[in-house]
Amino acid sequence: MQRAVLIMLVAMSLIPVGDSAGKILTSRLGVEPVFVAWSRFALGTVLVLPFLPKGSFALLGNWRIWVRASMLCCGITCIQFALRTVDIATVFAAFFIGPMFSYVLATLFLREHVTIVRSVLILLGFGGVLLVVRPGTGGDADVLWAVAAGLFYGAFLTMSRWLSHLGKPLSLTFTQLAISMFLLLPFGLTNLPEASLPIASMTLASALFSMLGNLLLLYAYGLAPATRLAPLVYFQLIAAVLLGWVLFSTLPDAFTWAGLALIIGAGLASTRLR
């Protein structure tokens with residue numbers, strides 16, 4: 001369990017690092033968000049190819065696998081648009097509407113058990129997202145890209161539960177990367193940035209750290225029960241705040257701090273329910 005916790009903490013730190021590299025690409029180096037998303041999927045696909053289990057390519061013939069991958073494709077692309085102008089902590093906080101939306105979808109379509117306490121906690125977490133986004137108050141409209149990313153990701157999570165029986169985790173990871181790479185191929189190729197060392201290094205970092213984070217996440221779940229590790233997912237928010245401060249000299253405002261507290265508190269309480 002100690003090894004699983006350590007791996008999980010590293011994984012939850014690497015994912016925001018990957019997004020920080022993406023933010024540097026879009027906000028400082030002038031790279032188009034859609035290229036950042038496409039390059040992440042393309043490089044991720046190359047990285048997992050040597051480790052694929054048998055039968056992975058056969059999954060590409062299932063239309064449900066394509067719908068699942070398209071949800072992730074849209075989510076990652078939207079979050080790159082949000083990162084152009086919005087600080088990374090706010091983006092991650094708004095993005096965490098995803099697990100809440102997944103709960104609603106799983107209740108409606110997968111007939112998962114509903115409890116009053118868990119539903120109240122989901123509403124509290126949604127209230128935290130509203131504090132971060134603050135619709136109609138003249139805030140940065142680009143934060144809505146993060147909300148859209150969270151909604152797409154929530155749909156992706158629900159479909160992942162629905163289709164988890166179709167293949168091994170690494171096989172499913174390959175399909176979501178390869179299909180997303182294919183879907184974004186025309187947009188990625190038509191938005192190629194100029195060749196330079198900073199752009200190449202940040203593009204590689206964006207893909208590599210994101211990929212490593214997600215692979216370590218799968219490995220951690222293989223060592224310990226998901227219910228024991230689930231609270232550590234919220235460490236992403238803490239890592240995002242620290243990275244925003246160190247790399248971009250930004251800290252959340254009072255409303256965002258309150259929203260973060262609600263999201264983390266409601267999420268941690270929800271994971272303790274049986």
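Student: Which residues does G150 touch, leaving out those up to four places away in sequence?
Tutor: G150 touches F95, I97 and G98, where contact means heavy atoms within 4.5 Å. Keep in mind that this is a predicted model, where local features need pLDDT of at least 70, side-chain atom pairs count only at pLDDT 80 or more, and totals for chains, interfaces and linings use all residues. Residues are numbered from 1 along each chain as its sequence is written, and side-chain values use heavy atoms, with hydrogens and water left out.

Student: Where does G150 lie, and is G150 buried or exposed?
Tutor: G150 lies in helix 7; helices here are DSSP runs (H or I, at least four residues), as strands are (E, at least two), numbered from the N terminus. G150 is buried, with a relative accessible area of 0%. Buried means under 20%, exposed over 50%, and partly exposed in between, using a 1.4 Å probe and protein chains only.

Student: And how far is G150 from F92?
Tutor: Their C-alpha atoms are separated by 8.9 Å, although G150 and F92 are 58 residues apart along the chain.

Student: What about F51 and F152, how far apart are they in space?
Tutor: F51 and F152 are 27 Å apart, C-alpha to C-alpha, and 101 residues apart in sequence. F51 is in the loop between helix 2 and helix 3, and F51 is exposed at 58% relative accessible area.

Student: Changing topic: how many residues are in the largest nonpolar core?
Tutor: The largest nonpolar core has 31 residues, and V31, F41, V48 and L184 have the most contacts inside it. Such a core is a set of buried Ala, Val, Leu, Ile, Met, Phe, Trp, Tyr and Cys residues joined through side-chain atoms within 4.5 Å.

Student: Which helices give two or more residues to this core?
Tutor: Those are helix 2 (33-48), helix 3 (63-83), helix 7 (143-163), helix 8 (169-189) and helix 9 (197-223). Helix 2 gives the most, with eight residues. Apart from this core lies another of 30 residues, among them I97, M100, L237 and L260.

Student: What is L184 in contact with, leaving aside neighbours within four places in sequence?
Tutor: L184 is in contact with V34, A37, W38, F41, C73 and T77.

Student: And Q176, buried or exposed?
Tutor: Q176 is buried, at 11% relative accessible area, and its place is in helix 8. Leaving aside neighbours within four places in sequence, Q176 is in contact with F41, R68, A69, L72 and F156.

Student: How many disulfides are there in the whole structure?
Tutor: A search finds zero disulfides; the cut-off is a pair of cysteine sulfur atoms within 2.5 Å.

Student: Last one: which helix does I238 belong to?
Tutor: I238 is found in helix 11, and I238 is partly exposed, with a relative accessible area of 41%.
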